[in-house]
Amino acid sequence: MNPTIAKPLLTDLVAQTGQVPSSHVRPIGDRPDLANVDIESGAGIPLIDLKKLNGPERRKVVEAIGRACESDGFFMVTNHDVPAEIVEGMLRVAREFFHLPESERLKCYSDDPKKAIRLSTSFNVRTEKVGNWRDFLRLHCYPLESFVDQWPSNPPSFRQVVGTYSKEARALALRLLEAISESLGLEMSYMVKAMGRHAQHMAVNYYPPCPQPELTYGLPGHKDPNAITLLLQDGVSGLQVQRNGRWVAVNPVPNALVINIGDQLQALSNDRYKSVLHRVIVNSESERISVPTFYCPSQDAVIAPADALVDDGHPLAYRSFTYQEYYDEFWNMGLQSASCLDRFRPE
Ligand code: OGA
Ligand code: NI
């Protein structure tokens, strides 16, 4: 019998063992309970057509976005103006990257969450007790010229294709931040200004097929620490959102992107808009690729609830903090359903 050689990346470990290793088995009581999920489309999150965002009916679209942020914290958008060929290119190059030989992928491996560019596995292998069924590439992407030279150069088109996608994603994030500001009755540029010098991170998530999906998570329930997330997913289901105490599947809709409110917009909106728990489950048949763009404040940006949203009926929900302070706390806490935001309530 050959002793199992420790593999840094899950993809290579699975290829070797063909089963869920004990390092990735969740304790009973902390498993996905797959039979108890709403998968019908009727229970789905709102789908918003952005076509009329820049016309006489802008107000209606802004109101729909506001309602979705308030009640669901998640929505999908169509006619988002990110060209289909750029979306397809992004998914193609992501798949090519994760299909590269192990030695080629490992060139970018690091378990240090502070690194701007790295390939890793699970969530934070330095702190967590049970692994998650995911490998991921994490890239800082704004300002692009500060980071692109450190990105993987294999596949050869990686930098060009991913760079183009990241610029399109940023343009959409800015349009959404404007619409969100308006929906809160704030000046259109309010949230864009609140991001300071702005930052943008991207994850390229790779979830290999899993022989026993009931034992583990792609990602366990968590809330995103950034301001707003734009998620591109391939055709494979896996994302689930919590709604009224139940998990609801967010099945891929062709040409749509999934948008969710992160903790910083919850804080800036003084709790009007919700950063909602979501998780990823895996399946035994197909690999799954997803590409979240995490749009965030720069590290030095000071986040505080907007004055106009604080009154007698809506007391100040958070003290002010820098994004750096928040982000450090988030990575130290690890992924868990307890909100990191609760640590920033006023004294
Ligand atoms: C994340 C996340 C969802 C997905 O990376 O924070 O929630 O479908 N991803 O991969
Ligand atoms: Ni997330």
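Asparagine 255 lies in the loop between strand E10 (246-249) and E11, and in this predicted model its phi is near 65°, a positive value in a residue other than glycine. Most residues other than glycine have a negative phi, and most peptide bonds are trans. Asparagine 255 is exposed, with a relative accessible area of 62%, which is over the 50% that the word requires.

A second residue with a positive phi is aspartate 33, where the angle is near 50°. Aspartate 33 is found in the loop between helix H1 (10-17) and strand E1 (37-38), and because its relative accessibility is 45%, aspartate 33 counts as partly exposed.

From asparagine 255 the reader can move to a pocket. The second largest pocket has a volume of about 290 Å³, and of the 21 residues that line this pocket, those closest to its centre are Val87, Leu232, Pro254, Asn255 and Ala256. Two or more residues of the lining are given by each of H3, strand E8 (228-233) and strand E11 (257-261), with the largest share, four residues, coming from H3.

Helix H3 itself covers residues 84-98, 15 residues in all, and reaches 22 Å from its first C-alpha to its last, close to the 21 Å expected at 1.5 Å a residue. Several residues of H3 are buried, among them Ile86, Met90, Leu91, Phe97 and Phe98; Val87, one of the residues closest to the centre of the second largest pocket, is also buried.

Aspartate 224, in the loop between strand E7 (219-222) and E8, and histidine 278, in strand E12 (residues 278-280), are 54 residues apart, and the pair links distant parts of the chain. Both aspartate 224 and histidine 278 are buried.

The backbone also holds cis peptide bonds. One joins tyrosine 142 and proline 143, with omega about -5°, and proline 143 has its place in the loop between strand E5 (135-142) and helix H5 (144-147). Another joins asparagine 154 and proline 155, with omega about 0°, and here proline 155 sits in the loop between H5 and helix H6 (158-183).

How values were computed: Residues are numbered from 1 along each chain as its sequence is written. Chains are lettered from A and ligands numbered from 1 in the order in which they are written. This is a predicted model: local features need pLDDT of at least 70, side-chain atom pairs count only at pLDDT 80 or more; totals for chains, interfaces and linings use all residues. Side-chain values use heavy atoms; hydrogens and water are left out. The expected span of a helix is 1.5 Å times one less than its number of residues. Buried means under 20% relative accessible area, exposed over 50%, partly exposed in between (1.4 Å probe, protein chains only). On a 1 Å grid over the protein atoms alone, a cavity is a set of points where a 1.4 Å probe fits but cannot get out, and a pocket is an open set with protein on both sides within 12 Å along at least five of seven lines; lining residues have an atom within 4 Å of a point. Grid points are joined across faces, edges and corners, and a volume is the space filled by probe spheres set on the points.
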